[in-house]
Amino acid sequence: MATVELRFSALPEHVRTARLVAAAVARRAGVDEAVLDEVRLAVGEACTRAVGLHQTGGISAPVKVLLIEEEKQFSIEVGDEAPHAVAGGGASGGPGDPDGEADEDEMGLAVISGLVDDVEVSAGEHGGLIKMTWPTTPPPTILV
């Protein structure tokens, strides 16, 4: 199992770099060429969401991206350190959310869910994690 770890300052200009690195590692891992645009878009959405949460919360810690190559799958984990409300903790768009930031967060998650078949989202008081997984195809065997 090979893992590439990327950490970047929570600035929007670094999201593009994360997208490019993710696509390159996904290609090398054996993700189908037809799916690479979805990988780029999903990573862009997840990283943009994490950057926004860090900036809104005044968090100086970097956004963390793990690119994990396993035998038959490729996973990307995008983590943030922003405290998230736990279940029953606050409604989106309510009085504590005058700018509708929770609505934007939900929209980003909906876009990711539309792009990735296998996605897991977890969040708690110490941060959140979006894990996205794609199948890989092994390289062709060359017989000599």
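# Definitions applied to a predicted model

Q: Why is arginine 28 called exposed?
A: Arginine 28 has a relative accessibility of 53%. Exposed means over 50% relative accessible area, buried means under 20%, and partly exposed lies in between (1.4 Å probe, protein chains only). The value of 53% is over the 50% limit, so arginine 28 counts as exposed. The model is predicted: local features need pLDDT of at least 70 and side-chain atom pairs count only at pLDDT 80 or more, while totals for chains, interfaces and linings use all residues. Residues are numbered from 1 along each chain as its sequence is written, and side-chain values use heavy atoms, with hydrogens and water left out.

Q: What makes the contact of glutamate 69 with arginine 28 a salt bridge?
A: The N to O distance between the two side chains is 3.0 Å. A salt bridge requires a side-chain nitrogen of Lys or Arg within 4 Å of a carboxyl oxygen of Asp or Glu. The distance of 3.0 Å is within that limit, so the pair qualifies. Glutamate 69 belongs to strand 2 (residues 63-69) and arginine 28 to helix 1 (residues 15-29), so the bridge ties together parts that lie 41 residues apart in sequence. Glutamate 69 is partly exposed, because its relative accessible area is 22%.

Q: How many salt bridges does the structure hold?
A: The structure holds five salt bridges. In general, side chains of opposite charge can pair when their charged atoms come close.

Q: Why does the pair of aspartate 37 and arginine 40 count as a salt bridge?
A: The closest N and O atoms of this pair are 2.5 Å apart, which is within the limit, so the term applies. Both residues lie in helix 2, three residues apart, about one turn of the helix. Aspartate 37 has a relative accessible area of 48% and is therefore partly exposed. Arginine 40, with 21%, is partly exposed as well.

Q: What joins aspartate 80 to arginine 49, and are these residues buried or exposed?
A: A salt bridge joins aspartate 80 to arginine 49, with the closest N and O atoms 3.8 Å apart. The pair links distant parts of the chain, aspartate 80 being in strand 3 and arginine 49 in helix 2, 31 residues apart. Both residues are buried.

Q: How do you know which stretches are helices and strands, and how many of each does the protein have?
A: Helices (H or I, at least four residues) and strands (E, at least two) are DSSP runs, numbered from the N terminus. The protein has three helices and five strands. Along the sequence these elements follow the pattern β-α-α-β-β-α-β-β.

Q: Why is 32 Å the expected span for helix 2?
A: The expected span is 1.5 Å times one less than the number of residues. Helix 2 (residues 36-57) has 22 residues, so about 32 Å is expected. From its first C-alpha to its last, helix 2 reaches 31 Å, close to that expectation. Just after helix 2, glycine 58 takes a positive phi of about 65°.

Q: Why is alanine 82 called buried?
A: Alanine 82 has 5% relative accessibility and therefore counts as buried. This residue lies in the loop between strand 3 (73-80) and helix 3 (101-115). Its C-alpha is 9.3 Å from that of glutamine 55, which is 27 residues away in sequence. Buried residues make up 38% of the 144 residues in the protein.
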